[in-house]
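Dear colleague,

I am handing over the structure we spoke about, and you will find it directly below. My notes on what was found in it follow after that.

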Amino acid sequence: MSEFEILRQGLTGWRRPAPEPAEDLYFYHRRNGYPAILGAILMAVVVETVAVHFLLSLWLEPVAWVFTTLSVYSMIWLLGDYQIARQNPIRLDDQVLHLQTGARWKADVPRDSVTSMATPNAGLGDVEKLALTLFGDPDFWLLLDEPVEIRGPFGIRKSAAAVGIGVEEPKRLKATLGLD
């Protein structure tokens, strides 16, 4: 079902606005430059798809169309991933910190299990960790008192006791979590 949601978001997600913050419990991850990088990747994929399609069609027309179809699907998937990230910011409620990185990773972290925030270059040792960022390295790591299950694409499941995230206002997140 998630593949259908990614396709739906990729084709129609631009028409739906991002949610409005409610009680300052939404934390966004817009400053990482992902839209600009995604735009550059999509432009490169379009140019590459056209060039390779014409090249392959000189020898094997059906293979050229299969390649073109897969390229178009990949572009829609990337757009869907971005739309899901835009419409699902990090959200905090009374009990749970809801983390979602587009269509890639999703975790519900119990609010009470977050013990501290560590800088990206902090030595975390052999703690199980996973970065839930759209692009690049995390701004900080949330250290948890026990590992949490993180759901990924295609049914992948991982657990981590340190979760790397990036938000626009890390100080506000830290204060909201009561880690001051």
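Let me begin with Q83, which counts as buried because its relative accessibility is 7%, under the 20% that marks the limit for a buried residue. Please bear in mind throughout that this is a predicted model. Q83 has its place in helix α3, and its side chain is joined to that of R86 by a polar contact of 2.8 Å. If neighbours within four places in sequence are left aside, the residues in contact with Q83 are Q9, G13 and W14.

Helix α3, which spans residues 61–87, also supplies at least two residues of the lining of the largest pocket, as do α1 (2–12) and β4 (105–110). This pocket holds about 350 Å³ of space, and 22 residues line it, of which S2, A103, K106, G152 and P153 are the closest to its centre. Helix α1 gives the most to the lining, with 5 residues.

The largest nonpolar core has 24 residues, and the members that touch the most others are L132, I150 and I165. At least two residues of this core come from each of β2 (90–92), β3 (96–101), β4, β5 (114–118), β7 (140–151), β8 (157–165) and α4 (170–177), with β7 giving the most, namely 5 residues. Apart from this core lies another, of 7 residues, which includes L38, L42, M75 and A85.

I150 deserves a separate look: not counting residues up to four places away in sequence, I150 touches W105, K106, A107, L130, L132, I156, R157, K158, A160 and V163. One of these contacts, K106, is also among the residues closest to the centre of the largest pocket.

Finally, where in the model is L97 found? L97 is in strand β3, and it counts as buried because its relative accessibility is 0%. Leaving aside neighbours within four places in sequence, L97 is in contact with I90, R91, L92, A107, D108, V109, R111, L142 and L173. By contrast, G39 lies 58 residues from L97 along the chain, and the C-alpha atoms of the two are separated by 30 Å.

With best wishes

Methods
Residues numbered from 1 in each chain as written. Predicted model: local features only at pLDDT ≥ 70, side-chain atom pairs only at ≥ 80, totals over all residues. Heavy atoms only, no water. 1 Å grid on protein atoms, 1.4 Å probe; cavity = no way out; pocket = protein on both sides within 12 Å on 5 of 7 lines; lining within 4 Å. Points joined across faces, edges and corners; volume = space filled by probe spheres on them. Helix = DSSP H or I, 4+ residues; strand = E, 2+ residues; numbered from the N terminus. Core = buried A, V, L, I, M, F, W, Y, C linked by side-chain atoms within 4.5 Å. Buried < 20%, exposed > 50% of the residue type's maximum accessible area, 1.4 Å probe, protein only. Contact = heavy atoms within 4.5 Å. Polar contact = N/O pair within 3.5 Å; in protein donor to acceptor, adjacent residues only side chain to side chain.
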